[in-house]
Amino acid sequence: MQAFEIATYARSTRPLPDILIVEDQRVFLQVFRAVLPRDFTLHVAMDAATGWKHYLQHAPDIAFIDVQMEGIDGHTLAASIRALDGNAFTVMVTANGDAATLARARANEVRGFVTKPYSKKKIDACIALFLAERDGIVAPGSRINGA
């Protein structure tokens with residue numbers, strides 16, 4: 001936990017956001033990486049357990065989490081992150097944007113919801129919301145893309 005506390009402190013001093021992507025399908029991971037700005041630090045995990053380890057080690061500013069993964073699903077990971085870090089900025093990504101999936105994401109207090117195939121516009125909107133909150137332009141706790 002000491003590593004997480006140090007990483008959380010470092011988060012407040014970063015000029016650009018660190019982003020964690022938790023996605024178990026390589027093709028979607030490649031597409032996702034292609035639409036993200038190149039100057040951001042990216043952490044990539046292909047399952048929720050590895051995503052959790054990355055979150056503890058790096059305290060990323062934004063975590064984009066796939067909903068459906070083998071083993072631990074994205075909803076469970078988002079709930080664990082929220083329980084640990086009340087300032088977490090999580091965004092769920094999924095091919096299934098049905099009402100039940102959206103309701104569960106809301107219950108986990110995610111900040112954004114992006115459906116596959118990934119849209120640069122939707123991903124950029126989530127990052128812009130994070131930056132606006134960080135810079136005090138909008139109130140903390142805002143949501144985007146149906147979350």
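The lining of the largest pocket divides into 7 charged, 5 polar and 4 nonpolar residues. Here Asp, Glu, Lys and Arg count as charged, Ala, Val, Leu, Ile, Met, Phe, Trp, Tyr, Cys and Pro as nonpolar, and the others, Gly among them, as polar. The model is predicted: local features need pLDDT of at least 70, side-chain atom pairs count only at pLDDT 80 or more, and totals for chains, interfaces and linings use all residues. Numbering starts from 1 along each chain as its sequence is written, and side-chain values use heavy atoms, without hydrogens or water.

**Largest pocket**
- The space in this pocket is about 380 Å³.
- Among its 16 lining residues, Arg-11, Asn-87, Phe-130, Glu-133 and Arg-134 are the closest to the centre.
- A pocket is an open set of points on a 1 Å grid where a 1.4 Å probe fits, with protein on both sides within 12 Å along at least five of seven lines; lining residues have an atom within 4 Å of a point.
- Helix 6 (120–134) gives the largest share of the lining, 3 residues.

**Helix 1 against helix 3**
- The axes of helix 1 and helix 3 (residues 48–58) come within 6 Å and cross at roughly 65°.
- Helix 1 is therefore roughly perpendicular to helix 3 (65 to 115 degrees).
- Ala-3, Phe-4, Ala-7 and Arg-11 of helix 1 meet Tyr-55, Leu-56, Gln-57 and His-58 of helix 3; contact means heavy atoms within 4.5 Å.

**His-43**
- His-43 sits in strand 2 (residues 41–45); helices (H or I, at least four residues) and strands (E, at least two) are DSSP runs.
- His-43 is buried, at 10% relative accessible area (buried is under 20%, with a 1.4 Å probe and protein chains only).
- Not counting residues up to four places away in sequence, His-43 touches Asp-18, Ile-19, Leu-20, Ile-21, His-54 and His-58.

Methods
Grid points are joined across faces, edges and corners, and a volume is the space filled by probe spheres set on the points. Axes are lines fitted to C-alpha atoms, for helices over the stretch in contact, and angles run from 0 to 180 degrees between N-to-C directions. Angles under 35 degrees count as roughly parallel, over 145 as roughly antiparallel, 65 to 115 as roughly perpendicular and the rest as oblique. Buried means under 20% relative accessible area, exposed over 50%, partly exposed in between (1.4 Å probe, protein chains only).
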